[in-house]
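I opened this notebook to record what I looked up in one structure. The entries follow the order of my reading.

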Amino acid sequence: RRRRLALVRCLARNGEALSFRKKLLMVFALTVFFAVAIVSLVVSSMARRAFQQADDERTAALVAQFRSEFNRRGADVTRRIESIASSDAVTRMALSLSNNAPDYGAYLNEAKSIADSQQLDFLEFTDSQGTIISSAQSPARFGYKEPAIATVPPGLFLKKEELSDSVAIGMFATKTVRVSDKPLYVIGGRRLDPGFLASLELPAGMRVLLYQ
């Protein structure tokens, strides 16, 4: 009996030791698991922040470059419109149209020839009521109203231009010619197209698309 009791006690002690080892191993394994999980979460969060910061910096650089190129081209458009408005041909047109019975038909092709000489994609002349006197991009709009006259903002602006076979987006500038109480409006600009985007130096891994 004593031997049996001793054997039982020994087995019990061994079982307790094994159970303690299992618990110790389980605690160790759980500690390692949670430590690895926490480190992974921290590394992942830091990596996301780094990528987000790098992406924000590339986007900011692209936006700044777009604005710089837009302003540069816009200044050129504005200069050309001002040159047109101060030309002798447009001054004579404004004087002629200030008469009581002006002949609008005499200037039907005037905008096209001037636009070609100034390398503009769009150019229109309208009277004080917004009636189109001459249009380089849409000669058939002669006599129609130009709705942009009533809402033209100061400086350079973007506007959709309906052409005979498509719709284009252009950067426009306006200038008012006043030689009498009946002003003449000069509205002109250039097309904003993929060629404009091609002039941008894009950061690595980025591309720019133009949606019309």
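The entries below concern the sheet and the helices on it.

I note that this is a predicted model, in which local features need pLDDT of at least 70, side-chain atom pairs count only at pLDDT 80 or more, and totals for chains, interfaces and linings use all residues. Residues are numbered from 1 along each chain as its sequence is written, and side-chain values use heavy atoms, with hydrogens and water left out.

**Strand β5.** I looked up residues 184-191 and found six of the eight buried, that is, under 20% relative accessible area with a 1.4 Å probe, protein chains only. Strand β1 (residues 122-126) pairs with β5 over five bridges, and there Glu-124 stands opposite Ile-187. Strand β4 (residues 167-177) pairs with β5 over eight bridges; Lys-175 has Val-186 as its bridge partner.

**Helix α2.** In α2 (residues 88-97; helices are DSSP H or I runs of at least four residues), I recorded Val-90, Met-93, Ala-94 and Leu-97 as buried. They lie on the same side of α2 because they cover an arc of only 100 degrees around the axis, taken from the directions from the helix axis to the C-beta atoms. The face turned away carries Asp-88 and Arg-92, both exposed (over 50%).

Methods
Helix = DSSP H or I, 4+ residues; strand = E, 2+ residues; numbered from the N terminus. Pairing = 2+ DSSP bridges.
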